[in-house]
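Visitor: Could you walk me through the charged side chains here?

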Amino acid sequence: MLKRENQTRAFQRHALGASLALLLCVPPVLAGEESNGAALTMPESVGDTPFASEREAVMWRQQELKDIESLVRQLRFDLVNNQDVEAAAPRLAELQERARGQQLLPAFIKGTHGSGSDARPTLWEEWDEFAAGFTDLEAKIDQLAEIAEQGDVRQTAKALSEVGASCKSCHRAYRYD
């Protein structure tokens, strides 16, 4: 019991520290947007985003999504293989911050598909569904964090698989492989 309480406290400390650190390194969200998780409107041009060019936005989103995929893999190792919630806490907090639509959607400027992009044109035709995918992903990541904190390895593995399934469903619909 004491070990679980120590893990919970450590998880909370790491989560808070990682969240604060991320606030310093992620691009700012668009001015005037809701911070309560509401879906962002589709950016029509670079001027609607914090990016200097469409190419910069495409490169940033590709790298960010690769980093998120890497975090999920690392979490599988920490949470499922090693059953170490304390070690996973900073990565889980980072995932919660980085995988938010509020952070990622501004990089999906209308029409930024084609050469150098993996995005399908249907992404912008189905913007509301695409943005809703991030709402689903956020909910699954938050659920993963809650379950991981409880220390149930089986349920944590299941929740982590649901995070991966959310990612894959969006990739199938909106990304060229």
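Predicted model: local features only at pLDDT ≥ 70, side-chain atom pairs only at ≥ 80, totals over all residues.

Visitor: How many salt bridges does the count come to?

Guide: The count comes to nine salt bridges, each being a side-chain nitrogen of Lys or Arg within 4 Å of a carboxyl oxygen of Asp or Glu.

Visitor: Which residue meets D78 in a salt bridge?

Guide: The partner of D78 is R91, at 2.7 Å from N to O; D78 sits in helix 2 and R91 in helix 3 (residues 85–98), 13 residues apart, with helices taken as DSSP runs of H or I, at least four residues, numbered from the N terminus.

Visitor: And is D78 buried or exposed?

Guide: D78 is buried, with a relative accessible area of 5%, whereas R91 is partly exposed at 26% (buried means under 20%, exposed over 50%, partly exposed in between, with a 1.4 Å probe and protein chains only).

Visitor: What about E44?

Guide: E44 forms a salt bridge with K110 (3.7 Å, N to O), and the two lie in loops 66 residues apart.

Visitor: Switching topic, which residues form the negative surface patch?

Guide: The negative patch consists of E125, E126, D128 and E129, where patch residues have over 30% relative accessible area and no salt bridge, like charges being joined within 9 Å. D128, in helix 6 (residues 127–150), is exposed at 62%.

Definitions and conventions: Residues numbered from 1 in each chain as written. Heavy atoms only, no water. Patch = residues over 30% accessible without salt bridge, like charges linked within 9 Å, V, L, I, M, F, W, Y side chains within 5 Å. Areas by Shrake-Rupley, 256 points an atom, 1.4 Å probe, with all protein chains shown as cover. Lys, Arg positive; Asp, Glu negative; His and termini not counted. Charge placed at Lys NZ, Arg CZ, Asp CG, Glu CD.
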